[in-house]
Amino acid sequence: MTGSTSELQGPALRSRKALWAGRILSGLAVLFLGFDATGKLLQPREVLEGTTSLGYSASVIFPLGVLQLVCLAFYVIPRTAVLGAVLWTGYLGGAIATHVRVGNPLFSHTLFPIYVAALIWGGLWLRDRRLRAVLPLRAET
């Protein structure tokens, strides 16, 4: 045996920690996105006012909630998680465009979808070694 016990357990331990960190980040994203989708489906007064103040008709709120649930379903199923992340990236890009169009503040509104996308992709990257192989943080030397 060429390596010490700690050397052999190192990659496995790091992998387990990355998996749990990824699950936590993904879980936070899923909780937020699920809450947002539920709001669009139930349409309380605050959601109606908030969405219409962005220039959207009240008639599109429910379909947006359904779209969010579809994207969320793709994201939480391991086999389709990357597709779900790609779909969410498109959806969140539209949210950024909306906030830019209405002139909302940069850090609290306009960039908020990027924060959510970072949770989505960061969580997926940490919990999926195949994604880490395709999108490494740095090139191997």
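A charge sits over a ring if NZ of Lys or CZ of Arg is within 6 Å of the ring centre and within 35 degrees of the ring normal. Keep that in mind. The charged end of R132 sits over the ring of W125, 6.0 Å from its centre. R127 does this with Y75, at 5.2 Å from the ring centre.

Some ground rules. This is a predicted model: local features need pLDDT of at least 70, side-chain atom pairs count only at pLDDT 80 or more, and totals for chains, interfaces and linings use all residues. Residues are numbered from 1 along each chain as its sequence is written, and side-chain values use heavy atoms, leaving out hydrogens and water.

The chain has 7 helices and 0 strands. Helices (H or I, at least four residues) and strands (E, at least two) are DSSP runs, numbered from the N terminus.

Now the rings. The whole structure holds 3 aromatic pairs. Rings of Phe, Tyr and Trp (its six-membered ring) pair if their centres lie within 6.5 Å; planes under 30 degrees apart are stacked, over 60 edge-to-face, the rest tilted. Take F32 and F112. Their centres are 5.3 Å apart and their planes at 70 degrees, so the pair is edge-to-face. F32 is in helix 1 and F112 in helix 6 (residues 112-127), so the pair ties together parts 80 residues apart in sequence. F112 also pairs with Y115: centres 6.2 Å apart, planes at 85 degrees, so edge-to-face. Both lie in helix 6, about one turn of the helix apart. F32, F112 and Y115 form one aromatic cluster.
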